[in-house]
Amino acid sequence: MRRAEVAVLSVLLAAMFGLIFWAAGGALPGVISAVVVLALGVLSAWFVRRRFGAWRYQERNEDLIVARGVMVQRLSVVPYGRMQFVEVTAGPIERLFQLSTVKLHTAAAASDARIPGLERDEAARLRDRLTELGESMAAGM
Amino acid sequence: MTGAPGESAPPEGEWLRLHPLTPIARIGRLVPALVLLFLVSTVHSKAENGRVETDYLIAFTLLSAVYGYIHWMVTRWRFEGDTLRIETGFIRKDSRRLPLARVQAVDIVRPLLARLLGVSELRIRLAGSGGTDGKLAYLSEAQAAELRLVLLAGHIDSEAATSSNTGLPMASVDTARLLASVFLSLVTIVVICTVATLAVLDQFEPKTAAAVAGFLAVYLLSAAGVIWRRLSGQYNFIAVEAAEGVRIRRGLLQTISETVPYGRIQAVRQVEPLLWRPFGWCRLEVDVAGATARNQRGEGTSVVRKALLPVGSQQDAWHLLARLLGAPDPVRTAPPGRARLKAPLSFHFLSAGHDGAHAVCVTGRLNRATTWVPLEKSQSIRRVQGPLQRTLGLATVHVDVAGKRSRAEFRDREAAEADQLVAELTALSRSARQRGRRATPVPSGAGGDAPSGWYPDPAGRHEQRYWHDGRWTEHVADGGRRSADAPTPGP
């Protein structure tokens with residue numbers, strides 16, 4: 001999903017830069033700048049791929065664990081009882097690939113339990129399960 | 001603050017108005033704006049034609065008085081069973097129902113003019129979602145105090161409510177210390193240095209000095225505003241122990257009387273700024289889950305940070321802390337020595353630890369900050385490891401509580417220790433939460449029909465207190481150990 005975004009964006013940017021430099025300085029600078037931008041695109045696609053490969057989650061009896069990150073590795077343990085609401089979002093490109101992002105909200109702004117790129121059915125299942133568990137275990141402030 | 005809570009509740013259905021002096025007291029809110037307007041226009045018209053016009057000021061004041069009168073006419077309130085209903089609004093009607101059971105805190109605010117007129121404003125904050133705060137401006141002082149007791153009576157047993165006026169003072173700040181502490185703050189020192197530099201510069205290069213002064217005027221004025229707010233806001237600070245929480249009174253021109261409820265404390269922070277450390281002073285702040293104002297992003301609970309002690313000695317702070325969290329003193333350990341490479345400036349402060357009920361950690365570079373978090377309140381546990389930390393085999397563990405900035409950080413711990421911490425803290429928070437949840441049917445004294453058993457201590461001094469036959473007993477328990485302590489504080 002993100003890879004598709006990166007691909008589309010880098011092709012567009014490459015074309016744009018190429019055209020601008022073509023207009024400004026002729027064919028050679030145009031081609032060079034387009035190639036450079038494309039190479040950057042490939043590099044960031046690789047980063048994005050690693051980043052999403054590192055994203056994993058685990059449903060335990062009382063809490064949800066979300067781990068992510070390659071450079072900075074983060075692991076969040078969010079108890080179901082602390083969940084305030086579950087949010088499922090799907091941007092245009094995500095919709096194209098039938099994917100959704102599930103986000104858990106707690107009262108703490110830093111909790112940050114987000115699981116992107118889930119299959120639509122899996123996202124719906126996770127949402128229902130989390131809501132159910134959250135209701136049965138809800139704890140006050 | 002007199003009168004039994006039962007009597008002052010007016011019979012249902014009777015609409016009550018605010019104090020007749022309300023329109024005049026409301027003008028007081030405009031005074032700063034009017035003064036500013038007057039100054040600006042005076043300077044302006046002096047430059048223009050040398051005359052000072054004041055007609056519009058009078059018109060302005062009259063207009064606001066008329067508006068205030070209309071507002072007073074359309075505002076009314078009454079009790080409808082267990083609900084306080086406030087209706088107001090002339091063009092846009094606004095009708096609020098505040099269920100007494102959800103009243104979280106009641107603040108009494110008295111701006112200068114209101115104080116002179118003997119009226120005060122009542123601010124009611126609710127628990128849970130919805131974001132409806134009630135405001136009654138203005139009531140007579142006696143009425144406001146009575147109403148506060150009525151509103152908070154649902155929380156606690158009535159015996160404690162009446163005795164809450166005579167609670168023991170927990171901490172106070174005398175004027176000399178407040179002045180010294182404000183003087184020893186960064187803002188004040190920067191302002192004084194800047195002004196001194198400008199004065200020196202004025203001797204040699206008057207033109208440059210004038211230009212620089214003009215440039216810095218806005219910053220200096222706002223800094224002066226900050227200093228003034230600190231002084232006037234915390235003047236005459238006193239914290240009193242009450243049944244429903246710590247009651248704080250403070251203020252120079254505008255006095256504020258607010259309550260920090262024991263059960264709502266998310267985190268306590270003790271800050272020791274660099275300049276205060278030679279005197280052994282510190283500041284104590286609490287994060288309290290307050291009324292929920294849902295913003296656009298749908299972040300749930302709003303958390304207010306309140307100064308529990310603007311400046312005080314370590315003993316004062318410890319005394320307050322003992323009352324709020326039951327003197328949590330887990331063993332703190334420092335991170336391994338190689339953490340110095342990652343955090344060279346803050347390493348000498350870093351330490352953290354936890355026991356069964358609390359996590360405590362020390363952080364800070366110049367200002368040493370110690371944070372206590374009750375594990376019962378933890379929202380999530382996180383482990384974060386940056387690239388440098390991975391190289392050094394370190395990791396940081398966060399215990400998040402409600403709010404944007406409040407959390408305890410076990411910074412730069414041994415990676416294996418961090419893993420273990422995550423598992424331990426998760427388990428401990430879970431059991432702390434379950435202890436809390438079992439005790440959810442808190443007996444609200446008035447009804448008194450809750451079954452006998454252990455419940456969280458309403459005074460917050462102990463973990464649990466035994467409830468029997470419609471009243472609190474002297475039996476208390478801390479971490480499974482039983483002892484005895486009389487239920488209501490004070491004489």
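**Figure 1. Contact of helices α9(B) and α10(B) in the predicted model.** Val187(B), Thr188(B), Val190(B), Val191(B), Thr194(B), Leu198(B), Leu201(B) and Asp202(B) of α9(B) meet residues of α10(B), including Pro206(B), Val212(B), Leu216(B), Leu220(B) and Ile227(B). Two residues are in contact if their C-beta atoms, placed from the backbone, lie within 7 Å. Helices (H or I, at least four residues) and strands (E, at least two) are DSSP runs, numbered from the N terminus. Helix α9 (residues 186–204) and helix α10 (residues 206–234) of chain B pack at an angle of about 160 degrees, with axes 10 Å apart, which makes α9(B) roughly antiparallel to α10(B). Axes are lines fitted to C-alpha atoms, for helices over the stretch in contact, and angles run from 0 to 180 degrees between N-to-C directions; angles over 145 degrees count as roughly antiparallel. The crossing of α9(B) and α10(B) is left-handed, a term used if the near helix is turned anticlockwise from the far one by less than a right angle.

Residues are numbered from 1 along each chain as its sequence is written, and chains are lettered from A in the order in which they are written. This is a predicted model, in which local features need pLDDT of at least 70, side-chain atom pairs count only at pLDDT 80 or more, and totals for chains, interfaces and linings use all residues.

**Figure 2. The open sheet β1-β2-β3 of chain B.** Three strands form this sheet, with antiparallel pairing; two strands pair if DSSP finds at least two bridges between them. At the edges stand β1 (76–80) and β3 (94–99) of chain B, each with a single partner strand, so one side of each is left without a neighbour in the sheet. The twist from one strand to the next averages 20 degrees. β1(B) and β2 (residues 83–88) of chain B are joined by five bridges; Arg76(B) has Glu87(B) as its bridge partner in β2(B).

**Figure 3. The interface of chains A and B.** Chain A contributes 24 residues to the contact and chain B 29 residues. Strand β3 (residues 73–79) of chain A gives the most to the chain A side, with seven residues. By class, that side has twelve nonpolar, eight polar and four charged residues. β3(A) runs antiparallel to strand β17 (residues 380–385) of chain B, joined by five bridges. Gln385(B) in β17(B) is the bridge partner of Gln73(A). The model scores ipTM 0.80 and pTM 0.72.

Figure 4. A cis peptide bond, with omega about 0 degrees, joins Ala137(B) and Tyr138(B). Tyr138(B) lies in strand β6 (residues 134–140) of chain B. Asn236(B), in the loop between α10 and β8 (238–241) of chain B, has a positive phi near 60 degrees. Most residues other than glycine have a negative phi, and most peptide bonds are trans.

**Figure 5. Confidence along chain B.** The mean pLDDT of chain B is 78, and 77% of its residues reach 70 or more; pLDDT is the predictor's confidence in each residue, from 0 to 100. Among the elements of chain B, helix α1 (residues 5–8) has the lowest mean pLDDT (42) and strand β18 (residues 394–400) the highest (93). The pLDDT is below 50 over residues 1–10 of chain B and stays under 50 over residues 291–300 of chain B. Where pLDDT is low, the predicted coordinates should not be read in detail.

Technical notes: Nonpolar A, V, L, I, M, F, W, Y, C, P; charged D, E, K, R; others polar. Parallel < 35°, antiparallel > 145°, perpendicular 65-115°, else oblique.
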